[in-house]
Amino acid sequence: MDSAVPSRQTYNPWTVVNVVFEHLADAGLHPVLGATGNPGEPAAALLQAFGIQPDPQGDEQIALAKNARLAELRQAMFGSP
């Protein structure tokens with residue numbers, strides 16, 4: 001392995017969010033994420049603020065959009081079920 005090329009480290013994004021929230025709670029703060037709904041979008045924004053790009057593979061919003069698009073295509077091709 002070439003030592004000049006840094007290895008890419010990966011993290012579970014929820015682990016990072018959890019560590020940040022535990023640190024804030026230990027400091028006496030009471031962080032809230034997604035109090036008005038799905039916490040995925042605010043969690044992604046938090047990770048991006050730290051320079052961490054969330055992996056879209058597990059993104060529920062992408063999966064929902066993909067499934068909705070596939071349903072539209074099935075409807076257009078085959079009509080009502």
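Analyst: Happy to, and please keep in mind that this is a predicted model.

User: Nice. How far apart are Trp14 and Gly40, in sequence and in space?

Analyst: They are separated by 26 residues in sequence, and their C-alpha atoms lie 9.5 Å apart.

User: And is Trp14 buried, exposed or partly exposed?

Analyst: Trp14 has a relative accessibility of 46%, so it counts as partly exposed. The cut-offs here are under 20% for buried and over 50% for exposed.

User: Which element does Trp14 sit in?

Analyst: Trp14 belongs to helix α1. That helix covers residues 13-26, and its 14 residues should span 20 Å at 1.5 Å a residue; the C-alpha atoms at its ends are 20 Å apart, so the two agree.

User: Good check. Which residues of α1 are buried, then?

Analyst: Val16, Val17 and Val20 are buried in α1. Their arc around the axis is only 100°, which means they are on the same side of α1.

User: Why do residues three or four places apart point the same way in an α-helix?

Analyst: Because an α-helix has 3.6 residues a turn.

User: What do the buried residues of α1 pack against?

Analyst: They pack against α2, residues 40-49. On the α1 side, Pro13, Trp14, Val16, Val17, Val20 and Phe21 take part, meeting Gly40, Ala43, Leu46 and Leu47 of α2.

User: How do the axes of α1 and α2 cross?

Analyst: They cross at roughly 80° and come within 10 Å. The angle falls between 65 and 115 degrees, so α1 is roughly perpendicular to α2.

User: Let's zoom out. How many helices and strands are there?

Analyst: The protein chain has 3 helices and 0 strands, and its elements run α-α-α from the N terminus on.

User: How much of the chain is buried?

Analyst: Of the 81 residues, 7% are buried. The accessible surface comes to about 6900 Å², with 58% of it belonging to carbon and sulfur atoms.

User: Last one: what share of the contacts comes from residues 24 or more positions apart?

Analyst: Among contacts with a separation of 6 or more, such residues account for 38%. The Trp14 and Gly40 pair we began with is 26 residues apart.

Key:
Residues are numbered from 1 along each chain as its sequence is written. This is a predicted model: local features need pLDDT of at least 70, side-chain atom pairs count only at pLDDT 80 or more; totals for chains, interfaces and linings use all residues. Side-chain values use heavy atoms; hydrogens and water are left out. Helices (H or I, at least four residues) and strands (E, at least two) are DSSP runs, numbered from the N terminus. The expected span of a helix is 1.5 Å times one less than its number of residues. Buried means under 20% relative accessible area, exposed over 50%, partly exposed in between (1.4 Å probe, protein chains only). The arc is that of the directions from the helix axis to the C-beta atoms. Contact means heavy atoms within 4.5 Å. Accessible areas come from the Shrake-Rupley method with a 1.4 Å probe; for residues, only the protein chains shown count as cover. Axes are lines fitted to C-alpha atoms, for helices over the stretch in contact, and angles run from 0 to 180 degrees between N-to-C directions. Angles under 35 degrees count as roughly parallel, over 145 as roughly antiparallel, 65 to 115 as roughly perpendicular and the rest as oblique.
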